[in-house]
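Dear colleague,

I am handing over the structure we discussed, and below it you will find notes on what turned up when I went through it. Please read them alongside the coordinates.

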Amino acid sequence: MTTPASTANPGHIDRFVSDSFSMHLNLMRTESTSSSSSLDSPRSSSPFSDHDSCSSASNSELELDLLDPSTYVYLPSLASVSSIVSIEHLAHILSHLFDLHAVGGVLGLVLTSDENFTKKEEMDGVEYSVLKSISTTHKPVTEFEISTLRTPANHAILLNVFSLAGLRSIVSLPSSRPNASTYILERPPVVFPSMSHTPSYEPAYLSTISSSSKTSVDSIPNIPTLAEWNTLWSAWDLVTLRMIPSEMLLQKPIDLRHKCLFYIGHIPTFLDMLISKAVGGEPTEPKYFWNIFERGIDPHVDDPDHCHNHSVVPESDSDWPSLSTIIQFRDGVRSRLENLYAELDSGERVLTRRIARMLVMCIEHEGWHVETLLYMLIQRSPGALPSNLPTTLPPPGFALPPWDSLAAQWDTTWDSFDMPKSDSDVKSKTKTVSLGPATVVLGHNDSEGDDPHFEGGNTEEVINHEYGWDNESPSRSLTVGQFKAELRPVSNGEFAQYWRRGNGKVPAPKTWIITDNETTGETEIQVRTIYGPVPLRIAHTWPVLTAYDDLEAYAKSKGGRMPTEGELRLFLDTYEVEYEGGGNSGFRNWHPVCPTAGSASPSSKGTNGGIWEWTSTPFQGHAGFVGTNLFTGYSEDFWDGKHHVVLGASYATIPRLSSRRTVRNFWQHNYPYAWVGGRVVYSVDH
């Protein structure tokens with residue numbers, strides 16, 4: 001590998017960065033200077049979230065730090081590079097270049113087909129240049145110019161390359177030159193690779209067995225490796241140990257859920273209990289954790305005293321175990337899991353479907369809880385609470401979003417739907433597409449009842465099998481009639497108009513903060529994020545997150561309704577991309593984005609913005625259903641007529657869940673806290 005010898009002439013930086021982007025930076029510089037009380041006012045040394053040092057810099061200063069990094073690396077276009085090295089090797093090169101040239105945790109990456117670099121270096125056969133940024137003077141940006149900041153081509157492929165390199169794109173920007181684009185990159189503490197680059201586990205000793213003795217099986221194996229566990233543990237520990245202040249551990253951000261400390265104990269307890277169910281063995285000490293941390297709660301919203309079977313937790317704060325005791329227990333359980341993998345690798349223990357299913361169930365259970373804990377914590381995000389309440393800390397090591405620049409891109413995408421920007425003039429009809437009639441296949445064949453047939457273990461039917469939850473199986477077909485569907489889920493801006501017009505007919509979403517402007521006398525809406533609330537002008541294009549009942553009422557006001565499970569499944573199959581396709585899941589962002597499906601053309605695929613979506617289908621049993629005995633009651637306990645099937649994935653859904661088509665989520669129809677939105681569909685009369 002060749003180490004770069006020098007950097008190029010910094011004066012050439014603006015040959016590739018678009019004029020509109022440069023003018024946008026200049027405008028931000030002007031705003032930043034004018035908003036400061038002094039030219040010598042303190043400025044943040046880093047644009048990243050940091051719990052130990054609070055920056056006094058304005059938002060525009062922080063955004064400028066991100067959008068104008070000190071160093072840019074120039075690479076040939078993706079098409080040119082991929083003809084030289086593999087995607088995996090390109091990720092390795094990018095990782096090394098970031099380590100060499102990032103300044104303040106940020107690096108600019110320019111991909112271009114222009115060969116006229118001032119100075120070229122070489123690394124493993126790939127030529128590149130390094131340039132230093134300089135400040136330039138431009139006239140202020142206009143609305144038209146900022147609206148040209150569109151998402152570059154090959155975006156999804158590049159996002160996957162970045163994730164393989166352990167990097168994340170903070171924002172992407174186009175260049176004024178054809179086939180060129182700029183990415184601002186960081187290396188956050190947690191990055192999830194796509195599932196195509198996440199290997200399924202296979203015991204190490206099987207590598208000595210001739211592949212010719214194995215039978216090919218048409219499936220998508222998904223047994224987690226220890227490496228995948230470690231990635232998820234990094235995410236879980238970041239959320240639970242670095243985003244929840246100690247004074248909040250014994251508090252309930254949401255009354256209908258447990259105290260935060262419960263979930264820190266619940267995750268290792270669940271894993272410990274299921275390991276014992278699958279392979280035997282005594283509980284990890286302290287054994288009484290099985291009594292208080294076994295199962296969480298989901299009480300009826302309209303009757304909180306009615307709840308499924310669950311653990312009985314301490315009533316007094318003083319009776320809860322300490323955080324240090326729970327962490328010691330967690331470490332013991334993780335060591336127990338690592339020992340199980342060692343036994344499987346050596347051949348001392350045979351890998352059966354029951355063990356494989358347990359591993360899949362436990363890692364996905366932890367993935368579910370990362371997301372559900374976050375929707376609790378966002379209710380305590382900073383900026384909207386009484387000063388005496390502790391607030392959730394933003395994710396450390398992730399850049400604060402450059403809201404204004406991102407919103408400019410979202411507005412551009414929104415405009416491509418021919419939709420207005422303000423919530424006061426939203427059109428009553430949005431762009432729709434016609435779907436059906438069609439036969440839709442739901443689920444896959446993965447009955448836990450079949451597991452005893454594979455107790456011999458280590459067969460292709462064990463290793464190359466796709467495991468899921470009990471309600472995903474078996475595969476079944478249903479007929480979906482013709483209907484029309486709106487290309488976008490209902491947005492915050494659209495729902496704001498409906499809510500204001502309704503004068504209290506529907507409640508405000510729990511993801512909103514409503515305040516009265518004392519000067520104007522008007523009601524103002526802010527949208528919650530884990531970083532703190534943002535004004536509606538930033539988040540008006542995001543899908544609104546609220547209860548099914550409220551979205552159904554909205555749909556009826558437009559002459560529509562919420563889709564059935566079959567209808568939504570058909571729409572998502574046709575238009576939605578998951579994590580590998582560039583979808584907004586797996587913590588690619590810590591917030592929703594403007595939907596892109598159908599924005600380029602009525603048939604183009606894209607993201608729904610990073611949300612789950614409601615269906616009108618009640619969550620209940622189906623023909624061939626076999627309940628799990630590893631997690632008794634996982635589905636059946638919620639066949640109560642109150643829960644609805646939910647499909648999709650939120651921005652905090654881990655890739656192994658967001659990428660599996662058969663995954664079904666479920667929430668009570670009047671539960672307002674989950675990150676679930678909805679799209680309006682219309683029946684077609686014949």
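**Salt bridges and a helix pair**

Arg187 is partly exposed, with a relative accessible area of 32%. Please keep in mind that this is a predicted model. Arg187 forms a salt bridge with Asp99, the closest N and O atoms being 3.0 Å apart, and the two residues come from distant parts of the chain, Asp99 from helix α4 and Arg187 from the loop between β6 and α7, 88 residues apart. Asp99 counts as exposed, at 52% relative accessibility.

Arg168 and Glu186 meet through their side chains at 2.4 Å, N to O; Arg168 lies in strand β5 and Glu186 in strand β6, 18 residues apart, and both residues are buried. The side chains of Asp317 and Lys259 meet at 2.5 Å, N to O, and since Asp317 lies in the loop between α9 and α10 while Lys259 lies in the loop between α7 and α8, the pair ties together parts that are 58 residues apart in sequence. Of these two, Asp317 is partly exposed, at 38%, whereas Lys259 is buried, at 13%. A network of salt bridges links Glu228, Glu364, Glu472, Arg656 and Arg660.

Turning to the helices, α7 and α8 pack at an angle of about 155°, with their axes 11 Å apart, which makes α7 roughly antiparallel to α8. Trp229, Trp236 and Thr240 in α7 meet Tyr263, Ile264, Ile267 and Leu271 in α8, and the residues of this contact comprise six nonpolar, one polar and no charged.

Technical notes: Residues are numbered from 1 along each chain as its sequence is written. This is a predicted model: local features need pLDDT of at least 70, side-chain atom pairs count only at pLDDT 80 or more; totals for chains, interfaces and linings use all residues. Side-chain values use heavy atoms; hydrogens and water are left out. Axes are lines fitted to C-alpha atoms, for helices over the stretch in contact, and angles run from 0 to 180 degrees between N-to-C directions. Helices (H or I, at least four residues) and strands (E, at least two) are DSSP runs, numbered from the N terminus. Angles under 35 degrees count as roughly parallel, over 145 as roughly antiparallel, 65 to 115 as roughly perpendicular and the rest as oblique. Contact means heavy atoms within 4.5 Å. Ala, Val, Leu, Ile, Met, Phe, Trp, Tyr, Cys and Pro count as nonpolar, Asp, Glu, Lys and Arg as charged, and the others, Gly among them, as polar. A salt bridge is a side-chain nitrogen of Lys or Arg within 4 Å of a carboxyl oxygen of Asp or Glu. Buried means under 20% relative accessible area, exposed over 50%, partly exposed in between (1.4 Å probe, protein chains only).
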